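Dear colleague,

Please find the structure below. My notes on its contents follow directly after it.

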Amino acid sequence: MPAQSSKPDLLQNSLLQNEPDDVVVSIRQLHVSYRQRQVLQDINLSLRSQHVTALIGPSGCGKSTLLRCLNRLNDLDERCTVTGQVLVNGRDIYAVEEDVVSLRREVGMVFQRPNPFPKSIFDNVAYGLRLLGVSTRSDLQQQVRKSLQDAALWDEVRDRLHSSALELSNGQQQRLVIARALAVQPKILLLDEPASNLDPISMLKLEELIATLKINYTILIVTHNMQQAARVSDFTAFMDAGELVEFAATSDLFTTPKQRRTEDYITGRYG
Amino acid sequence: MKPAAKSAPAQPQPTRLPFSAWWRSGDAWHWYSLFTLTVSFVLIIALMMLIVFASVRYFWPQALEEWVISSGEGESQRLFAYPLRTLQLPDAAATVTEGVPEQQQPQWVDAVMIAYQQLQEQRPQWVMRAVATTDIVRRGQPRSLVLMTLVDGSEIAGYALRWVQQNEVQSWLSTALQPVAAPGDTAMAAAGDAVTGADAANPDEQLGHEPNSLAVDIQQLTKQLQALQLQSDLHWWLVMELHDGSSLPIPVQRVDRLLRVNNMSWKESLRQAGINAWQFLSHGPDHGAPGILPAIYGTLLMVLVMSVLLVPVAVLTAIYLHEYAAQNWLTGLLRAVVSNLAGVPGVVYGVFVLGVFVYGVGGSIDKLLFSGQLPLPTLGSGGLLWAALALALLTMPVVITATEEGLARIPDDLRLASLALGATRTEMVWGVVVVAARPALLTGLILAIARAAGEVAPLLVLGAIAYTEQPLLDGQFPFLHVEQPFMHLGYQVYDFAMQSGHADESIAMAYVTTLVLVLLVVALNLFAFRLRASFVGTE
């Protein structure tokens with residue numbers, strides 16, 4: 001096994017070199033440790049603009065940690081140390097002069113559990129806009145409406161924008177949270193197992209939404225569900241024990257995995 | 001599942017568990033916890049019943065009796081009196097008989113404590129005295145006896161004799177307040193129908209010498225009174241016969257209410273009790289009758305000032321502890337210190353504020369800003385502000401702990417979502433966390449208010465007083481006079497129960513004041529619960 005670990009890097013670099021114009025995010029030699037424990041080792045990964053990249057792998061392999069490196073949400077925990085480079089649009093986001101607040105506006109994130117604020121539907125979507133300083137009523141209304149339309153929620157909530165967001169169903173809440181993230185006009189969307197708490201119908205709606213969103217956004221989605229990864233993503237990265245084992249076009253990875261570990265995992269022989 | 005001891009039939013049922021097995025099954029805890037719940041519930045209900053019962057009895061109109069007591073040497077005296085309680089008095093007339101052991105000597109006599117009307121400076125006043133039962137000649141509850149309440153709150157007991165016009169009053173006044181020889185003679189001298197049939201049939205009517213009162217029922221009398229009050233240009237007066245037989249004319253404008261207290265239906269009594277209760281609640285003690293309105297104001301204002309002092313400090317402290325501070329041993333120690341402060345007795349806070357703030361800070365402020373008024377202290381003596389400060393310190397641990405628990409219940413997902421949208425930490429805390437934690441903040445405030453409203457100990461040294469004429473709130477700048485001493489419901493209870501001379505009445509007033517305090521706290525809590533419910537729902 002250890003002999004194989006250098007192989008993804010070659011693949012990675014070749015991918016990077018082949019399509020340099022298209023890459024929005026590139027992660028280079030990223031190491032993350034939590035206290036003394038290494039949770040991510042030497043991650044190299046590039047995300048292509050207007051494509052969906054899926055991160056799959058067993059629980060605890062570091063998928064969510066990797067995701068949170070991209071908007072520096074790991075900074076909040078002082079026990080977490082990050083080394084290596086993460087370039088977003090060519091900018092090193094871990095550089096000293098980087099403004100975390102503007103980075104997080106550029107890189108939106110949606111969490112595993114729907115987490116609308118205990119406010120009205122309107123105020124949830126307007127939250128980020130108000131942080132940006134949008135204060136006139138008409139601007140707010142217009143942008144809230146557009147975000148809700150982009151998140152395919154407008155038709156369901158247009159008559160009750162001022163009722164509590166907590167009254168929505170789980171699936172609606174998750175789309176509301178996406179609308180909230182879209183409102184601040186990010187370029188990249190990080191989705192951390194967005195469908196894991198949803199019923200099949202809501203999940204299907206969410207996948208359709210992802211398919212339409214990728215026209216305008218670069219999306220990185222963490223998922224446990226391999227069928228889902230196969231359905232929504234263009235590229236898939238398989239992670240295991242803090243390492244990036246294999247990264248390839250989704251169709252290739254699921255049909256002709258190059259690594260033994262990948263094959264074991266996607267065929268269910270894992271563990 | 002019932003305890004095994006429930007029944008003992010001749011043939012034991014096969015399904016019944018033996019006691020040991022039942023005990024091991026743990027069901028005993030079910031019954032034990034139910035038992036403790038029942039005990040505490042019954043105790044609370046009993047306490048509330050006691051308070052409510054004592055309060056209702058205080059307001060319920062009491063029968064007013066006519067007493068004739070012998071005052072020695074064959075003389076007798078008529079009194080209009082409320083019997084209060086029976087007691088035993090040392091017998092002044094007891095003579096020591098030779099040969100009888102001292103323990104068997106009659107040294108005590110039965111007596112009744114009464115509140116009766118006496119003329120003091122030509123105005124009838126209630127006074128208390130004990131009357132030995134052997135001195136009572138007659139005792140009864142004449143139905144036509146009238147209790148007149150004047151607009152200033154004072155009361156006159158007597159018989160309503162007749163209406164007179166002002167020009168006749170002069171002649172009445174010349175004879176007024178002249179004691180008539182014997183009480184019964186008035187009735188004899190006055191012509192006409194003294195006792196109605198109904199009155200005569202009353203077994204209480206043993207006196208048989210009821211004066212020639214206006215023999216109409218009280219509704220008619222009251223109607224007449226109101227009609228006369230309307231046409232005030234005629235200046236009618238109502239003549240009352242007092243206990244000593246003298247006549248006292250009262251201008252109708254001064255009359256507030258007329259009651260035949262011994263001849264009231266249940267409904268009338270209830271109505272009177274309501275009126276009495278309203279009088280008590282809506283007036284200050286300066287009204288002639290007791291009242292607690294300024295104490296209600298004082299309590300509410302103090303709680304308000306306390307909340308203003310308390311909430312910002314406590315909430316910011318809790319936010320720092322939970323949102324900003326590193327979670328290490330020092331934070332844990334601080335948290336333990338804050339929690340343990342809740343156990344410090346209230347009077348310690350009172351003395352602390354008295355020493356440090358009243359004499360120290362207040363005294364210095366007086367020297368700097370109010371030196372013109374020295375040696376009279378402005379902020380250098382107890383007052384609303386300092387009492388509110390002591391209560392704010394006292395309740396701060398409760399609010400900090402409740403707020404922190406509320407903050408801990410906010411899922412981290414919300415914080416992350418806010419930060420992921422580009423919020424700074426401050427924007428996250430105030431825009432999301434505090435907003436979501438508002439119900440918890442209110443819970444903390446409710447607990448603080450409930451504790452503060454009933455706390456008396458720190459107020460004893462910080463300016464709570466039994467009576468003040470200085471209003472806390474008036475039209476003069478700065479409108480709310482926080483440096484003033486103030487009246488407070490809890491302190492009133494203490495004062496009524498401990499310090500007052502007229503034990504019977506003031507104990508009852510202590511109960512009533514307690515009821516008002518409890519209801520006030522319940523009302524504040526209900527208000528906060530409603531507010532909380534509106535926060536939990538939508539914006």
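**Findings**

Chain B contains 17 helices and 10 strands, where helices (H or I, at least four residues) and strands (E, at least two) are DSSP runs numbered from the N terminus. This is a predicted model, in which local features need pLDDT of at least 70, side-chain atom pairs count only at pLDDT 80 or more, and totals for chains, interfaces and linings use all residues. Residues are numbered from 1 along each chain as its sequence is written, while chains are lettered from A and ligands numbered from 1 in the order in which they are written.

Of the 539 residues in chain B, 34% are buried; a residue is buried if 20 or more other C-beta atoms, placed from the backbone, lie within 10 Å of its own, exposed if 12 or fewer, and partly exposed in between. Among the contacts in chain B between residues at least 6 apart in sequence, 70% join residues at least 24 apart. Two residues are in contact if their C-beta atoms, placed from the backbone, lie within 7 Å.

**The two sheets of chain B**

One open sheet of chain B has 5 strands in the order β4-β3-β2-β1-β5, with antiparallel pairing; two strands pair if DSSP finds at least two bridges between them. At the edges stand β4 (123-132) and β5 (136-140) of chain B, each with a single partner strand, so one side of each is left without a neighbour in the sheet. From one strand to the next, the twist averages 35°. Within this sheet, strand β3 (residues 108-120) of chain B and β4(B) pair in the antiparallel sense over 10 bridges, and L119(B) stands opposite P124(B) in β4(B).

Another open sheet of chain B also has 5 strands, in the order β9-β8-β7-β6-β10, and its pairing is antiparallel. Its edge strands are β9 (247-251) and β10 (255-259) of chain B, each of which pairs on one side only. Here the twist averages 45° from one strand to the next. Strand β6 (residues 146-150) of chain B and strand β7 (residues 155-165) of chain B pair in the antiparallel sense over 4 bridges, with L147(B) opposite A157(B) in β7(B).

**Helix packing**

Two packed helices are described by the angle between their axes and the distance between the axes. The axes are lines fitted to C-alpha atoms, for helices over the stretch in contact, and angles run from 0 to 180 degrees between N-to-C directions.

In chain B, helix α8 (residues 293-324) and helix α11 (residues 384-409) pack at an angle of about 35°, with their axes 6 Å apart. The crossing of α8(B) and α11(B) is right-handed; a crossing is left-handed if the near helix is turned anticlockwise from the far one by less than a right angle, and right-handed if clockwise. The residues of this contact divide into 24 nonpolar, 4 polar and 2 charged. Ala, Val, Leu, Ile, Met, Phe, Trp, Tyr, Cys and Pro count as nonpolar, Asp, Glu, Lys and Arg as charged, and the others, Gly among them, as polar.

In chain A, helix α4 (residues 121-132) and helix α5 (residues 137-150) pack at an angle of about 110°, with their axes 9 Å apart. That makes α4(A) roughly perpendicular to α5(A); angles under 35 degrees count as roughly parallel, over 145 as roughly antiparallel, 65 to 115 as roughly perpendicular and the rest as oblique. F122(A), V125(A), A126(A) and L129(A) in α4(A) meet L140(A), Q143(A), V144(A), S147(A) and L148(A) in α5(A). By class, this contact has 7 nonpolar, 2 polar and no charged residues.

**M428(B) and the side facing chain A**

M428(B) is found in helix α13 (residues 425-436) of chain B, and it counts as buried because it has 21 C-beta neighbours inside 10 Å. α12(B) and α13(B) pack at an angle of about 150°, with their axes 10 Å apart, and are therefore roughly antiparallel to each other. Residues of α12(B) that meet α13(B) include R415(B), S418(B) and L419(B). M428(B) itself is in contact with these three residues, among others.

Between the chains, 19 residues of chain B are in contact with 24 residues of chain A. Both α12 (412-420) and α13 of chain B supply at least two residues each to the side of chain B that touches chain A, and α12(B) gives the most, with 6 residues. By class, that side has 11 nonpolar, 5 polar and 3 charged residues.

Yours sincerely

Note on methods:
Lists of a residue's contacts leave out its neighbours within four places in sequence.
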